[in-house]
Amino acid sequence: MTQTKILLMTTGAAVLRLVVPGSQLADTKHQVSVDVELVIAVDVSYSIELHELAVQREGYAQAIVSKEFLQALKTGPNRKLAVTYFEWSASSDQRIIIPWRVIDGPETADAVAREIMKTPVRQGSSTSISGAINFAMPLFNKNPYRGLRRVIDISGDGPNNNGAPVTGARDAALERGITINGLPIMMENSSYSIMNIDNLDLYYEDCVIGGPGSFVVSIKHHNDFTEAIRAKLILEVAGQTTEPRIIPVVQSDPLVPCLIGEKIWQQHQWRR
């Protein structure tokens with residue numbers, strides 16, 4: 001699939017890239033009542049330390065109530081979005097923290113943020129991005145609100161190493177008109193260095209994200225969480241960018257092999 005990458009923002013260690021392969025809206029046979037149907041899928045695998053998981057939770061909560069996010073919400077024709085938030089790790093481990101909610105202003109945003117923060121932080125084994133995408137897709141059918149766009153916002157600190165290959169799940173989502181955006185967490189963690197890969201952001205670009213206006217925001221330092229999450233949510237709500245710099249993609253093959261996580265995991269098992 002031919003794609004065009006757009007470099008949007010570099011802020012400290014957080015880098016955001018946008019991929020625009022075309023234009024497609026969610027099914028609009030039903031009455032459109034929100035601007036975006038947004039599924040937030042958050043990695044809680046053991047490779048992310050508990051305090052980092054807490055910072056990630058707080059980053060989403062703060063972003064949702066920020067004045068910048070609420071201002072972006074006003075730019076859409078319906079001035080509201082529907083959101084659900086779940087946490088994931090292995091292919092069979094997903095847990096919904098926030099069922100579908102509508103955010104249409106400060107009060108509803110505060111309610112969602114409080115609900116995110118009150119749930120105890122947990123951890124799970126393995127990293128199945130494909131499992132998270134496959135779990136997210138049916139959630140749109142359970143959403144009583146219909147939007148102009150359907151988006152899966154997925155975070156993670158490593159490549160897919162459990163469950164089905166990630167590209168199959170990604171392609172299935174794209175066929176349904178769903179856009180996938182990524183938040184690769186690239187903070188070095190020596191305790192779990194066995195599953196770390198270089199250029200996780202490129203892996204997300206080539207193997208995970210896709211759809212109209214899809215993009216990646218990478219996080220390399222703890223202090224980047226809140227700013228990066230806020231910037232990502234604003235773009236997902238607004239559905240547009242300002243004065244992007246277009247960078248054509250020359251190569252057709254992924255810069256990072258899409259099965260690299262599975263290969264590292266298999267090598268690790270053989271050495272044990």
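Helices (H or I, at least four residues) and strands (E, at least two) are DSSP runs, numbered from the N terminus. By this numbering, H1 provides three residues of the lining of the largest cavity, which is the largest share. The model discussed here is a predicted one.

**The cavity**

Rolling a probe the size of a water molecule over the atoms shows where empty space is left. In this model the count comes to one cavity of 30 Å³ or more. The volume of the largest cavity is about 30 Å³. Its lining is formed by Val42, Val44, Leu53, Gln56, Arg57, Tyr85, Glu87 and Val121. Helix H1 (50-65) and strand S4 (81-88) each contribute at least two residues to this lining.

In soluble globular proteins, nonpolar side chains tend to be buried together. The largest nonpolar core of this model holds 36 residues, and Ile103 and Leu233 touch the most other members. At least two residues of this core come from each of the following: strand S3 (34-43), H1, helix H2 (67-73), S4, strand S5 (94-103), helix H3 (106-118), strand S8 (214-218) and helix H7 (225-238). H7 supplies the largest share of this core, six residues.

What does isoleucine 103 touch, not counting residues up to four places away in sequence? Its partners are Ile64, Phe69, Leu73, Lys80, Leu81, Val83, Thr108, Ala109 and Val112. There is also a second, separate core of 34 residues, and Ala82, Val166, Leu202 and Val216 are included in this second core.

**Aromatic pairs**

The structure holds four aromatic pairs. Two of them are listed below.

| Pair | Centre to centre | Angle between planes | Arrangement |
|---|---|---|---|
| Phenylalanine 86 and phenylalanine 135 | 4.8 Å | 65 degrees | edge-to-face |
| Tyrosine 203 and tyrosine 204 | 6.3 Å | 70 degrees | edge-to-face |

Phenylalanine 86 belongs to strand S4 and phenylalanine 135 to helix H4 (residues 129-136), so this pair ties together parts that are 49 residues apart in sequence. Phenylalanine 135, at 25% relative accessibility, counts as partly exposed.

For tyrosine 203 and tyrosine 204, planes over 60 degrees apart count as edge-to-face, and the planes of this pair stand at 70 degrees, so the pair is edge-to-face. Tyrosine 203 is buried because its relative accessibility is 0%. Tyrosine 204 is buried as well, with a relative accessible area of 0%.

**Buried residues in a helix and a strand**

Helix H6 (residues 200-208) is mostly covered, as nine of its nine residues are buried. The buried residues of H6 include Tyr203 and Tyr204, and also the charged-type names Asp201, Glu205 and Asp206.

Glutamate 37 is located in strand S3. Its relative accessibility is 0%, and glutamate 37 therefore counts as buried. Apart from neighbours within four places in sequence, glutamate 37 is in contact with Ala82, Trp100, Phe140, Asn143, Tyr145, Arg146, Gly147, Arg149, Arg150 and Val151.

How values were computed
Residues are numbered from 1 along each chain as its sequence is written. This is a predicted model: local features need pLDDT of at least 70, side-chain atom pairs count only at pLDDT 80 or more; totals for chains, interfaces and linings use all residues. Side-chain values use heavy atoms; hydrogens and water are left out. On a 1 Å grid over the protein atoms alone, a cavity is a set of points where a 1.4 Å probe fits but cannot get out, and a pocket is an open set with protein on both sides within 12 Å along at least five of seven lines; lining residues have an atom within 4 Å of a point. Grid points are joined across faces, edges and corners, and a volume is the space filled by probe spheres set on the points. Rings of Phe, Tyr and Trp (its six-membered ring) pair if their centres lie within 6.5 Å; planes under 30 degrees apart count as stacked, over 60 as edge-to-face and the rest as tilted. Buried means under 20% relative accessible area, exposed over 50%, partly exposed in between (1.4 Å probe, protein chains only). A nonpolar core is a set of buried Ala, Val, Leu, Ile, Met, Phe, Trp, Tyr and Cys residues joined through side-chain atoms within 4.5 Å. Contact means heavy atoms within 4.5 Å.
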